[in-house]
Structure formats: C-alpha cells, structure tokens
Amino acid sequence: MRFGHFDDEAREYVITTPRTPYPWINYLGTEEFFGLISHTGGGYSFYKDARMRRLTRYRYNNVPIDVGGRYYYVNDGGDVWTPTWSPVKADLDHFETRHGLSYTVSTGERNNVRVETTYFVPLATNAEVHRVRVTNTGDSPKSLQLFSFAEFNLWNAFDDQTNYQRTLSLAEAEVEGSAIYHTSEYRERRNHYAVYGVNAAIAGFDTDRDSFIGLHNGFDAPEAVVDGACRNSMVSGWGAIGAHQIDVELAPGEQRDLVFVLGYVENPQDEKWEAPGVVNKEPARELLARFSTGEQVEAALAEMREYWDGMLSAYTVSSGDEKVDRMVNIWNQYQCMVTFNLSRSASYFESGIGRGMGFRDSNQDLLGFVHLVPARARERILDIAATQFPDGSAYHQYQPLTKRGNHDVGTGFNDDPLWLIEGVAAYIKETGDEAILREDVPFDNDPDDSGTLFEHLRRSFHHALHNRGPHGLPLIGRADWNDCLNLNCFSETPGESFQTTENRTGGTAESVFIAGLFVHCAPDYVAMAELMGEQAEADGARAAAAEMSAVVLEHGWDGDWFLRAYDFFGEKVGSAERDEGQLFIEPQGYCVMAGIGLETGEARRALDSVAEILNSDHGIVVLQPAFTRYYLELGEISTYPPGYKENAGIFCHNNPWVAIAETRLGRADRAFEYWKKIAPSFREEISEVHRLEPYVYAQMIAGKDAPRHGEAKNSWLTGTAAWNFVAITQHILGIRPEFDGLRVDPCLPESMTNLTINRRCRGAEYQITVTRGGSPGVQVDGAALEGTLIPYATPGESVDVAVTI
Ligand code: BGC
Ligand code: NOJ
C-alpha cells in the first residue's frame, strides 16, 4: 500500500494523505541553518547545532506523534483549520505534501480556500522562508484571517527541556512592525536572537504562548485563532512564541502570497544594542528585506534548484528501471548530503541533544558524499583526523561546534582508526588530491603534537596491528562496528552505558570483523604509502595484510562461515558451537569484500550461509539465532528483544557489504536482490509494513524474529545511505574511481540489459553505455581498452565509454 508517489521529473515525493504510518519528514537547509519538517507541518529549526542553537521547540515522542511545528492557521468565518492538516486536523477537500530537495510544499484546501506553503532555507541564508499562497478557488468573495505560529526554544535544547526552574522565567521578546524578535538571554551572554517576520501589514501579533493558545488548549485550538483575533501580548518569563495575524480579503479566483521569514541573527559583541535595552535589529531588517517580494523568493528557489542540478550531475544513470534510477539519481545522493550535514544529530529518531559526530560514522559517510562536495569532504577529513590520539586510537565522537573529541564517550573502539584509511582513500580516489596526505594535522587537537595526514593513517594501521590478542586477531576494545557487541563490559547495573563501561580489564577479546576491515583497507594504505614514497612501509603493510588474512582463515573460520569474535574468556562468538548467535553478518560481508577466502572457497561458503540462514523477505538480519536472554559476556546486543536492532534486526548498513561481497564472486542477481530488499523505492509498495519514508533508507528493519517483521525504524541519518550508494553505483553498476583511473566493471542482474551512466570525475565527463551481448570488453572513444581501468582524462574532456558484458 502506498501513501503517495514519486514525481521523478520534479525530484519530489508526493504524499497524498496526512495519515501516513509515521510522520514522513524532509530537511530544509544546506549549509548552516537547518529545519526538519514533516508532511503535516511538524518539526523545528536550528542554526548549526541542534542542541546549542535551537530556534524552535519540539517535543519528541509525544502523544499524539509529531506535535509542534511552524504552523499556519486559517479562520474562515469561524471555521478554523490548518492547511497542513495538523494540528487542527479538520477534514480537507484536498491535501498534498511534496518533499523535494531541500524544500517542502504543502497544500491544503477547504471550503474553496487553498493554501499552498513552500518551506525552504535559501542558499547562504540563516533563515527559513515560508511562502504562503492563499487562493480563493470559489465564486464568492472570501474574508478570512491567517495566523502564523512558531514556538521559540531557549537555544539550548537540553536545558529547555529539563531546567524549568530557570527557563520558565527567561523569555523575552520585542516587536517592530511585522517582525517578532525572540531575545531570551540576549541581555546576558548571547549575541544572537531569532526573528520571525512577514512581508505584509499585520492585524495583530502574539509573543506569549498562554495568551495565544490558552493554558488549557492545545495546538489544535489556540484561543486567539478560534476568536479570530491576536492579543498583541508581550511575553514575560513564560513561553515565548511568534504569531502574526493577517486579514485576507480575496475576490473569486484571487490569490495572495505572503512571505514569512524565520531566521537566526548574530551581532558583533560591540554592536549588540541599538539603544539601551533595545537589540540591534539592523541585520534582521536586511534579512527580511532580502525576501520581501515574490520575485526574490522565486529567484532563491531557482538558485537552490540549480545547486541540486549541479550536485546531482556527478552521477546519473538511466537503467530502464525507474526504481533504480530514482534512488541513484536523486534520493540516495540527497540522503548522503543530509547525513553529511547532520551526522547522527537531528532526525525524528535522534533528538538533536545527544550524539556528536562519530569517528567511524563520519568516515563512512564520506564514501557517499565525497563526489558531491569534495572540498567539504577534505575539511571533514582533517577535522576527524585531528581527534585521533598519538597512539593511533581515536575519540569515538567529537562535537561539531567545537570540533573537539568528546571526553564522556572517550576512546577504545578498536575499529575506529581504520575507518580513517577507508575515508581518506575514497577522497583521494575521487579527487586525485594526493597533497592531502602531506597536510599537517594535530593529534588530539594539540597544536604542539602533529604529523602529516599520512602519519595519522600509519598510526591507524599500526594500532590495529599492535593491539592483537592470543589468536593474532585485533583486540575488539569496547566494541567494533557493532556498538552492541560489548565483550569487556559485563554490566549488571541498570542504566550503565554499554559503550563506555568496561568492568573487566586485561581482556583479550578479539574481533574477526576488525581483521576483515584491516585486510580490506590494506591495499589502499599500501597505495597511499607508495604515493608518499614510503616503499618499505608499503611492502610491510602488504605482508601484514597477507598474514592477517591467513590468521582469519586459521582462527577466524568456523567451518561454514567466518567467526565473529573471541570473547573475554577466549570462547568463540558467532560459531556453530553456541546455542544462540551462531552466525553474524558483519565478518561475512567484510572478509569477502577484503578478498579473504576468495581463492580457497571460504568466501563462497560464507555467503551461501548468509543466503541460507540470515536472509529474509525484508533483508539480511544481523545474526541467527537471535538472543533470547541477556548474556553478561556479550553486552547490549542481547538486551534487545529478538529481531530488533543489533539482536537480529536487519541493519541496513551492513546489507550492502554482503551485496558488494556477492559482486566479488560475480553473483550479480544476488547482489541486486539484496540491495532491492532494503532500497526504499522498492519498498514503497509495502509502506504500510515498512512505515517510514519510502524515499530514504532506514537504519533498521525488524528482523524475522520480531512480531513486526519488515517494520523500519530510524530513517535518514544512517551510514546505510553511504554504503548503499557505494554498493549500487560502484559495485553493481560498477563505476568506481580508483587511484589510477576509473574502473568500469558492471556486475548487472539479468534484468538489466542496456544502460547509460554519466559520471563526472576529476573534472572530466564519462559517458558510459553498457550493453549486454556480444564479445565482452570496454571501448574508450572507439578504441579497445585492455582490462577495465580507464586512465583519468584531462579535466574538461568528455570521454565515450562503451562496455559490453
Ligand atoms: C544502539 C546502536 C548505537 C549505540 C550507540 C545502541 O543503543 O543499538 O545502534 O550505535 O547505541 O549510540
Ligand atoms: C549506529 C552507530 O552510529 C554506528 O556507529 C554503529 O556502527 C551501528 N549503530 C551498529 O552498532
């Protein structure tokens, strides 16, 4: 069952009913100012950091779901309704929300009044623009009031939701003309405020929540809206809001546009005030003036469209399958950019006050956006690397505002350092910018202790090599990619963090997954060592990888699949010897991606085990059999009910590892099947089961042991976006940048016959056609190529590539 449809031409998902199985959201903003917006107008906005600079309030996990947003209400002769359906939920004659690339257009119509609101954050602007277009679609005149509403958050979202003894006494505001200024805490250490203005004369306003809504009312029936008149209230201490009243008279067929701007403004310290106690509004006036006409708004929308045209033109496919094309050309890349911007901070499953940027997460996210924003990827790499410790280990997270490592979470996740090698390699392959390896980068942000970026990679590589256990496999530390496999934790105290608590030290728990990761990134490390002229280091690394592969085959092989780990006591994890948790997905995918056991048959055997035991109708589960009780020695993984999250859920992040691994065996149909199972466009038809947005990946889909098998959780901000983009574009469609050229090596399912791909890489354009049948080979500008690696063309060149498979 569907609740809307894709409009590929417009690059939009069109939601045609408010009653989707969950709020389906979109993101506004591309650089520093962001908003989340659901299809029924819920959500909030912030500047840079969803915790420290939150503009508007949102109450997570609410009843009903998705309460709070920037709302527009209509009072049409006593009939009160909201064009976004929520929060009033009056029946609409027409409802439609179109989520596009960094904008959302929501339209509601009732009794011949149509309101179409376009929400977006213009490029290089720290504000949301809401263009509210009101049309009289009937044949008699209309006289109505339109009300705006935004509830201000007191900047620090954590404080805002917890410290009421203070926050209920803080609120302040100013009003000038049609603009409302939220100025709480500006009197002291803040030099920023929020402004909410409109390009029209107002009939009234409110800045005090209780005056506008009424203490005992909800967002569905604000007293001022019901009465048809704002109170002109000035907030004092309690909840600050911004609400405008605009009286709208419309002849039959007449349309009126109103432009609202909700923005963030910062003043220099010595220009905070324009008069004693009066905030300096000059920059806000300039901001409002930039969006005071319909033409300005149209121009800003056009600019944003161009921005996305440019961005998405680096990789486009025409495959004959619209579900593939819309993922590759539009939504997967879009999700990668949103994840680049927000990491794991603010979604409808991440509160915006919790996590910073993950070391491993950010490095993996890079794989999905490095072709979109290479310059920003470069900066990101240097930021991440600067949080590495001198011994090669890394802070697990860092804070985006300060770019400093997070002490609360600390270090000890032994896979972390290796992801830096994967991230840097992807960046250099895409851009050719080898010079980044020579950049001087501090360790732990200490300017007195630094080394080249390559030196950081060296310490990453050797950290894994030098921290090994009794079998010669890397020590796992607090956890590896699977944050919930906590082999040194032994937690018996409720509430203790499984990630940061180590109740037993001196443990020798080892990870086969980290071994696979090590072997996988070794060739890239070798290549980068050679770029640095470090031949001895390169040779040593090559030998170390060969040795690690041998160790995996000797001590990390269980007979039918790769083992997952050895626990604190040296017992096997992920082995047929166990009652539960016998087979885990991660090492099967990563070891085969690394090429371990390809020649000797283990790779094929492992992937066959995955197909037989872990595969399901909705994707590949993390493990089988699911844990049915808590295992003290395994940690958080056994805390989830069977089928959820790391306990045998379908973790969509690691499914593409198996798909990529299948392409190494040349099993194209299987690879494609795995990808399709979790790709949102292919799941659209079962939206009532999947429940989350059919245009972006979710982190998790409930596994076969769960009562709600197939139900997704945690959409948008997940490494799933990057890895699936890599799987489909680089390994299935098979176009991938390598250090010395563009690899053209499609591994296509039988169902795909002819396709064309346009790939821009290092400034040159590659027009690639793939045809099935005839003698296999690659032709470059008409000449036969030896192998599948096309040497990079000069920037500006256009290269014709014909591939026959
Ligand atoms: C989740 C993991 C997550 C970890 C760290 C756990 O509760 O299951 O997916 O990585 O927390 O935030
Ligand atoms: C989500 C975390 O962000 C990521 O770092 C981790 O690898 C997965 N969960 C699996 O535990």
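**Strand E5.** I started with E5, where 5 of the 5 residues are buried, so the strand is largely enclosed by the rest of the structure. I note that this is a predicted model. I then looked at which way the side chains face. Gly43, Ser45 and Tyr47 point one way from E5, and Tyr44 and Phe46 point the other way. Both sets are buried.

**Pairing with E4.** I checked the partner strand. E4 and E5 run antiparallel and are joined by 5 bridges. I picked out Phe34, whose bridge partner in E5 is Phe46.

**His39.** I stayed in the loop between strand E4 (33-38) and strand E5 (43-47), where His39 is found. Is His39 buried or exposed? I find it buried, with a relative accessible area of 2%. Its side chain makes a polar contact of 3.0 Å with the side chain of Thr20. Leaving aside neighbours within four places in sequence, I listed its contacts; among them are Tyr22, Trp24, Phe95 and His99.

**Gln335.** I moved to helix H7 (residues 322-342), which holds Gln335. Gln335 is buried, at 0% relative accessibility. A polar atom of its side chain lies 2.9 Å from the backbone nitrogen of Tyr697. Beyond four places in sequence, its contacts include Val696, Trp716 and Ala721.

**Salt bridges.** I searched the whole structure and got 66 salt bridges. Side chains of opposite charge can pair when their charged atoms come close.

- Arg59 bridges to Glu151, with the closest N and O atoms 3.0 Å apart. Arg59 is in the loop between strand E6 (54-56) and strand E7 (71-76), Glu151 is in strand E13 (residues 142-155), and they are 92 residues apart. Arg59 is partly exposed at 25%, whereas Glu151 is buried at 3%.
- Asp480 bridges to Arg564, with the closest N and O atoms 2.8 Å apart. Both residues sit in loops, so the pair ties together parts that are 84 residues apart in sequence. Asp480 is buried at 0% relative accessibility. Arg564 is also buried, at 0%.
- Arg736 and Asp745 meet at 3.8 Å, N to O. Arg736 is buried at 17%, and Asp745 is partly exposed at 33%.
- Glu174, Glu176, Glu274, Lys281, Glu282 and Arg285 are linked in a network of salt bridges.

Methods
Residues are numbered from 1 along each chain as its sequence is written. Chains are lettered from A and ligands numbered from 1 in the order in which they are written. This is a predicted model: local features need pLDDT of at least 70, side-chain atom pairs count only at pLDDT 80 or more; totals for chains, interfaces and linings use all residues. Side-chain values use heavy atoms; hydrogens and water are left out. Helices (H or I, at least four residues) and strands (E, at least two) are DSSP runs, numbered from the N terminus. Buried means under 20% relative accessible area, exposed over 50%, partly exposed in between (1.4 Å probe, protein chains only). A polar contact is a pair of N or O atoms within 3.5 Å; within protein, one must be able to donate a hydrogen and the other to accept it, and residues adjacent in sequence count only if both atoms are side-chain atoms. Contact means heavy atoms within 4.5 Å. Two strands pair if DSSP finds at least two bridges between them. A salt bridge is a side-chain nitrogen of Lys or Arg within 4 Å of a carboxyl oxygen of Asp or Glu.
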